[in-house]
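Please keep the sequence and the three-dimensional view at hand while reading.

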Amino acid sequence: MVASDHVELLTSTSELIDIHHSAPGAALSPLKRASALISNVRAAPTLYALNLHRENHTADHRDSQLDNRAVAFDYYGDKVRGVNLGGWLVLEPWITPSIFGELSTSQTVVDEYTYTKALGKSEASSRLSNHWNTWITQEDFNSIAQAGLNHVRIPVGYWAVAPLDGDPYVQGQLDHLDNAINWARGAGLKVMLDLHGAPGSQNGFDNSGKYGSVGWQQGDTVSQTLTALENLANRYKGDTDVVTAIQLLNEPLGSSLNLDGVQDFYNQGYQTIRSASSDFAVTIHDAFQDFSTYWDGFGSGQSDLILDTHQYQIFSPDQVGRSPSEHVSAACALGPKLAGTNKPIVVGEWTGAQTDCAKWLNGLGKGARYDGTFPDSSYTGDCIGKYTGSVNELSSDDKNNIRSYLEAQLDAYEQHTGWFFWTWKTESAPEWDMQDLIAGGLFPQPLNSRQIPNQCG
């Protein structure tokens, strides 16, 4: 997750990386001919793609499906109310700090890439298999549905579907993703699959798998990303009653990339997904460009194209210094802007947090702007109860402010297609933990319940 498109423009890639981890119309690029696309993307990982075939998965279900189905959710008319399953199939140190355990003091292990490299394939596979088996279960899907939600967004890295020679990453995620699809089906939930990490890293953020420089668009990384999407779409093209959308790439850092190239990739990615099935919606991230202007008109003629924007108000000094009422006002201001876009748009990540206090939110071992422990930041307030802990341990003021902020964001984001909260669960970050926020009475239940009605007018 990263700062919203309201964050001030920064002068360097390194500064943007620190904001996220220490913590978005140009002329359209032409579509590639389908034949050229296929020849470009079906390269070395083809053998692995064959291994993705699931001999028994949902075979009986597929036999019962009707031919020529359309997308199984109306993104033009119905509201998306969803949650992200963060920290499960793609590690983020702040969501599950215990996984990094004794490695957290190494000063070299900061993401899934360095984690698996440090442990080696065998040990990393053992530890991550245990995590994948236990972090998200069928019970979570049932609880999500019981909370009134209708979608989950599931991040997955390229290395799960199209691993590259020389990478330290381990595989095995797809068996758990298969389970998730079946759990969602049983719970009555729809799934957006989200390619969260691309070869080379599309943003340099730790949640791309590899923290540091932005290497995507160099060498063969774009064609390798298209291969990952092709494999993902082909694997789940028989599950489109549940898997209703595929996101081509999470948070490409537009300021460090060729934006014409990003648009070209989106066009190629759209065709890649469509080649597998016309029953998927295709989701594109705004690349931290203004969602209401830059992407206006993009994808003309492409059906079931969804724009994704991520809205956080904590990853710059000005944002983290806002008062609770200023956070609410900024959220409410997004409502009309979202409503005015010319295609379905989801706020694919947002939070109850008005601080960046959560342990390692800004990167493993890094402090917070809010309490002045992050480099070159100044003190705004203390992080007591927000660095680690539970919702029940928050102060009364924090609880009231979070509830008010959550309600305002729900009112704003439902002025168009809807939203996915980040994230369903954490080990110890109460402002971010939807499951704990619900249990603590801060996340509205039912979702339209309001303690402070009409905040957005």
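A crossing of two helices is called left-handed if the near helix is turned anticlockwise from the far one by less than a right angle, and right-handed if it is turned clockwise. The structure is a predicted model, in which local features need pLDDT of at least 70 and side-chain atom pairs count only at pLDDT 80 or more, while totals for chains, interfaces and linings use all residues. Residues are numbered from 1 along each chain as its sequence is written, and side-chain values use heavy atoms, with hydrogens and water left out. Helices (H or I, at least four residues) and strands (E, at least two) are DSSP runs, numbered from the N terminus.

**Helix packing**

Two packed helices are described by the angle between their axes and the distance between the axes. Axes are lines fitted to C-alpha atoms, for helices over the stretch in contact, and angles run from 0 to 180 degrees between N-to-C directions. Angles under 35 degrees count as roughly parallel, over 145 as roughly antiparallel, 65 to 115 as roughly perpendicular, and the rest as oblique. Contact means heavy atoms within 4.5 Å. For residue classes, Ala, Val, Leu, Ile, Met, Phe, Trp, Tyr, Cys and Pro count as nonpolar, Asp, Glu, Lys and Arg as charged, and the others, Gly among them, as polar.

- Helix H10 (residues 173–187) packs against H11 at an angle of about 45 degrees, and their axes are 12 Å apart. H10 is therefore oblique to H11.
- H10 and H11 form a right-handed crossing. On the H10 side the contact involves Leu174, Asp175, Leu177, Asp178 and Ile181, and on the H11 side Leu232, Arg235 and Tyr236. By class, the contact of H10 with H11 has 5 nonpolar, no polar and 3 charged residues.
- Helix H11 (residues 221–236) also packs with helix H12 (residues 259–276), at an angle of about 25 degrees and with the axes 9 Å apart. H11 is therefore roughly parallel to H12.
- The crossing of H11 and H12 is right-handed. Residues of H11 in this contact include Val222, Leu226 and Ala233, and those of H12 include Phe265, Gly269 and Ile273. The contact of H11 with H12 divides into 7 nonpolar, 5 polar and 1 charged residues.
- Helix H14 (residues 324–339) and helix H15 (residues 396–413) have axes that come within 8 Å and cross at roughly 10 degrees. H14 is therefore roughly parallel to H15.
- Among the residues that meet here are Val328, Cys332 and Leu338 in H14 and Tyr405, Ala408 and Tyr413 in H15. The contact of H14 with H15 has 10 nonpolar, 5 polar and no charged residues.

**Nonpolar cores**

In soluble globular proteins, nonpolar side chains tend to be buried together. A nonpolar core is a set of buried Ala, Val, Leu, Ile, Met, Phe, Trp, Tyr and Cys residues joined through side-chain atoms within 4.5 Å. Buried means under 20% relative accessible area, exposed over 50%, and partly exposed in between (1.4 Å probe, protein chains only).

- The largest nonpolar core has 110 residues, and Trp88, Phe141, Ile154, Trp419, Trp432 and Phe443 have the most contacts inside it.
- Tryptophan 419, leaving aside neighbours within four places in sequence, is in contact with residues including Val80, Leu149, Trp350, Leu410, Met434 and Phe443.

**Buried residues and backbone features**

- Leucine 442, in the segment after helix H16 (434–439), is buried, with a relative accessible area of 6%. Beyond four places in sequence, leucine 442 touches Val391, Leu394, Lys399, Ile402, Arg403, Leu406 and Leu437.
- Proline 430 lies in the loop between S8 and H16 and is buried, with a relative accessible area of 1%. The C-alpha atoms of proline 430 and alanine 358 are separated by 8.0 Å, although these residues are 72 residues apart along the chain.
- Alanine 287, in the loop between strand S5 (281–285) and strand S6 (305–310), has a positive phi near 60 degrees and is not a glycine. Alanine 287 counts as buried, at 0% relative accessibility.
- Tryptophan 422 and threonine 423 are joined by a cis peptide bond, with omega about 10 degrees.
- A cis peptide bond also joins glutamine 445 and proline 446, with omega about -5 degrees.
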